[in-house]
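I am opening these notes to keep track of what I look up, one part at a time.

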Amino acid sequence: MYRYDEFDFAFVKQRVDEFREQIERRLAGELTEEQFKPLRLMNGLYLQLHAYMLRVAIPYGTLSSCQMRRLAWIARTYDRGYGHFTTRQNIQYNWPRLQDVPKILEALAEVGMHAIQTSGNCIRNVTSDPFAGVAADEIEDPRVYAEILRQWSTLHPEFSFLPRKFKIAITGSPHDRAAIRVHDIGLRMLRDESGAPGFEVVVGGGQGRTPVIGETIRKFLPSQHLISYLEAILRTYNLLGRRDNLYKSRIKILVKQVGIEEFRRQVEQEWEAIRDGWQLDLPDAEVTRIADYFAPPRYEPQEAIDLSFATAQRQDPAFAQWVRCNTFAHRQAGYAIAVISLKPEGGIPGDATAGQMERVADLADRYGFGEIRVTHEQNLVLPDLRKADLPALWQALVEADLAVPNVGLITDMIACPGLDYCNLANARSIPVAQRIGQRFADRALAEELGPITLNISGCINACGHHHVANIGLLGVDKKGREFYQITLGGRADEEAAIGDIVGPAFSYDEVVDAVESVVTTYRGQRQQGETFLQTYRRVGIKPFKETLYGTG
Amino acid sequence: MQSHVMTANGLADGAVVYLHASGRWVRDLQQAVVADTAEGCAKLEALAEEAVRKRLVIGHYLFAVSLNESGPQPIVQRERIRAAGPTVGTDLPAGRQDAEV
């Protein structure tokens, strides 16, 4: 993975020193809150319902074990002993004190981390496939380009005050695990006829109050032009994007207003103007230099079929279920990818205690190559595991309460912090997730239901990705009471779709029963071997409406 | 007129605080001063603005409460959660050892 050089360390340290001074000036009264707020937001520090919240960037969701241990130490030393992994592959601390923030940032800087651009109207942390570099279906490791984009976008002077925040996601695989079609810019790696790598460039996707599936602005962009083309998109947006209306300021609104054809024309025109003269193309040597950081580790040749692994699955059904649900195909024979679910029954989606973080770091060192990933579904990943080590790894995860076999199942919910923590929320998300987790605690039943994504947002900003869930819940406020609107049929992958609103919202007390009713309807309508989405696409929304509302 | 309480967050720690009759800021909603006239609300507003100038609190505002024998009770869920802490079960609010800012 990428390691800071002297310049990176000096830059981040300088930034910590700058923010420390700004905090001191705020506490001394030299800065008003109005003056200080944009400065703290640029450093990832929000004020939420109960306390400040610090959002720390985890570039494209990749962490070293050393960095994870530092996150655990910060949780224990300056917070309440846990952290919350987010849908942007970041981590949030819910309870830091203002005067401790410089010390936290200093501790992060020592391990090559920071909180820069985790807020504000700038290019946010670039997200990527959590299986990047190890997925069996991958063309190339997208983190090479994610890192190049990180360096390009960090404190980019022209793009530090965009009309609104800007999110980029990148995948190197045909199967989209990074939800690229609901990002401001989505990049999907392809090869041209000659085998050279490039990207399909998708623009104008997003969730929030106006959910939009992004449109393809360029079917194939040779990879060496990545920076110049993105520069052209950002310049066009920066110039034309609305700044007079917060709700119409994202690039998706601009693309909808001018149309993809006209937007493409303007971007291409800008690109023509800057492409050759600005020397923005990526030199091969620089791409190679960055790619070297992501070179595969030294895998040991493994037996194609590991008998001990197969035997362990036969002997222990619980282990076998975890293998079925939580492990995925690795590009290297004899190796596997394991997802560590942060969705225990009745737990808080995405939360990990300091002890759990340390355990995961230890396991990454012991059984992997010291690398960990964060998924946008709020889970963790150990990307490089010998299949022969999986029984021992699983046993260690069981002991740490980290072996829930529910990845991709109904209880693997995305949930935003909601009204329990967030200043913007209208309704709680986490307790609803906890109750759904308890309702579907029967692991055999959850597996029998097959893949179902169930996502919960506590307000229309849609941080919980409810629009692109198979079953989405959106919290709304009705005269001071929490209600939840249900959407069905959304998905976030390469066939991304926005869910359909099924009908009037359900109260906090009713919503879990309503979810169960949706599941019961699915089971009643399901043909053998169908997933929830397949059934929904075949039968449509009507049977679900009928069981929920008794109408057609 | 609907009864109101003045709330804010502490500048140093971001904690939820309420204005007390003495002009101090306390963590316990039950100890908050209640205004039920426009003049009373204006007075709380002035005290809060003074506290902002003194860098004690940020983000102050008045919110509606009902009254019962134990004191002011929030009407909307947001204020109930601010007063009592997250409802998620495993992340209880901080102890009352530092009850004032």
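I began with chain B and counted two helices and five strands, taking helices (H or I, at least four residues) and strands (E, at least two) as DSSP runs numbered from the N terminus. Along the sequence, chain B reads β-β-β-α-β-β-α. I noted that this is a predicted model, in which local features need pLDDT of at least 70, side-chain atom pairs count only at pLDDT 80 or more, and totals for chains, interfaces and linings use all residues. Residues are numbered from 1 along each chain as its sequence is written, while chains are lettered from A and ligands numbered from 1 in the order in which they are written.

I then looked up burial: 36% of the 101 residues of chain B count as buried, that is, with 20 or more other C-beta atoms, placed from the backbone, within 10 Å of their own.

Next I turned to a helix pair in chain A, where H3(A) (residues 65-78) and H4(A) (residues 101-110) pack at about 165° with their axes 10 Å apart, the axes being lines fitted to C-alpha atoms over the stretch in contact and the angles running from 0 to 180 degrees between N-to-C directions. H3(A) is therefore roughly antiparallel to H4(A), a term for angles over 145 degrees. On the H3(A) side I listed A:Arg70, A:Trp73, A:Ile74 and A:Tyr78, which meet A:Lys103, A:Ile104, A:Ala107 and A:Leu108 of H4(A); contact requires C-beta atoms, placed from the backbone, within 7 Å.

Conventions. A residue is buried if 20 or more other C-beta atoms lie within 10 Å of its own, exposed if 12 or fewer, and partly exposed in between; C-beta atoms are placed from the backbone. Angles under 35 degrees count as roughly parallel, over 145 as roughly antiparallel, 65 to 115 as roughly perpendicular and the rest as oblique. Two residues are in contact if their C-beta atoms, placed from the backbone, lie within 7 Å.
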